[in-house]
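I opened the model to look up its charged side-chain pairs. My notes follow the structure.

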Amino acid sequence: MSTLTNRLRPTDRIVILTGAGISKESGLDTFRCAGGIWSQVDLEDVATPEGFARDPDLVHRFYNDRRRGLLDPAIQPNAAHRALAELERRWPGEVLLVTQNIDDLHERGGSAAPLHMHGELRKAFCMHCRAVTDCHGDLSVHDLCLTCGRKGGLRPDVVWFGEMPYQMERIQRALEECDLFVSVGTSGHVYPAAGFVAEARSAGAYTVELNLEPSEGASYFHSSIHGPATQVVPAFVRDMLTLV
Ligand code: BV8
């Protein structure tokens, strides 16, 4: 950490990428850990446009269950979400929080505007008129779009495999310009997110991984701090804020 704090200035720009690991201690499953989501259901069936075309009811059930799970009072933002929100608030330089997660725990933990590159569970997308609307209940093929009034076009506003993640140009610009890239709770398995560390590093950023264990992209990081997010993230933010 001293290497990092010796070289950082409070005006430096930070890009943070989070994955399912940051929400694990809040009670949400990850995807590729033992017993994770992709061990319970085949991603081809529920996280691809082809799967949705084949069986929209199955896909709606999959996302309805996860959306309902977010309403469980036991599911709350944790100390890692809150620590990143504090860093956003107190760091004088620009901080861009990019999340692969489709839950709303960053917002509920105090982050002002997380960039959901893989979309959001609590949003619906109409394939007829392309409107994105809030969605707090179940979705089905029988629902009418509140914007265009047509039926059968609503899907979760979630980026599936083979689909373009959101705001990629904005993310690429931030990676080219940042001085520090921090990855939290992601396996580094899914692209293009998994390639962000290499892009940031080649553009001159210092790169740090905060994860339970080395990710698939571990070799790209200047430094790694391994442990549960609710321990390593608050400690990392505390060290960073000694510079402010
Ligand atoms: C695309 C849906 C064209 C939402 C998801 C090269 C370049 C570009 C694309 C590709 C490429 N190679 C392959 C591809 C295609 C594909 C891909 O990456 N396939 C993989 C399987 C190889 N990518 C795509 O299709 C993407 N789109 O390519 O469009 C394009 C091309 C170029 C540029 C732009 C666009 C679309 C990808 C999005 C797919 N949608 N999900 C949903 O249902 O949630 S992806 C899915 O995996 C999740 O959304 C999640 O966001 C994502 C990543 O998973 P993680 O968050 O990392 O979770 P995981 O379980 O894997 O890991 C958890 C980590 O946490 C672990 O490391 C664990 O150790 C750690 N952990 C656990 N507990 C804790 C912890 N850490 C800290 N504390 C703890 N307590």
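These entries cover the salt bridges and the exposure of their partners.

Ground rules first. I am working on a predicted model, where local features need pLDDT of at least 70, side-chain atom pairs count only at pLDDT 80 or more, and totals for chains, interfaces and linings use all residues. Residues are numbered from 1 along each chain as its sequence is written, and side-chain values use heavy atoms, with hydrogens and water left out.

Entry, total. I searched the whole structure and got 10 salt bridges (a side-chain nitrogen of Lys or Arg within 4 Å of a carboxyl oxygen of Asp or Glu).

Entry, Glu86 and Arg90. I found this salt bridge with its closest N and O atoms 2.7 Å apart. Glu86 is partly exposed at 28% relative accessible area; Arg90 is partly exposed at 44%. My cut-offs: buried is under 20%, exposed is over 50%, partly exposed is in between (1.4 Å probe, protein chains only).

Entry, Asp45 and Arg54. I read 3.2 Å between the closest N and O atoms of this salt bridge. Asp45 is partly exposed at 28%, while Arg54 is exposed at 55%.

Entry, Asp104 and Arg108. Their closest N and O atoms lie 3.3 Å apart in a salt bridge. Asp104 is buried at 11%, whereas Arg108 is partly exposed at 33%.

Entry, network. I traced salt bridges linking Asp65, Arg68 and Asp138.
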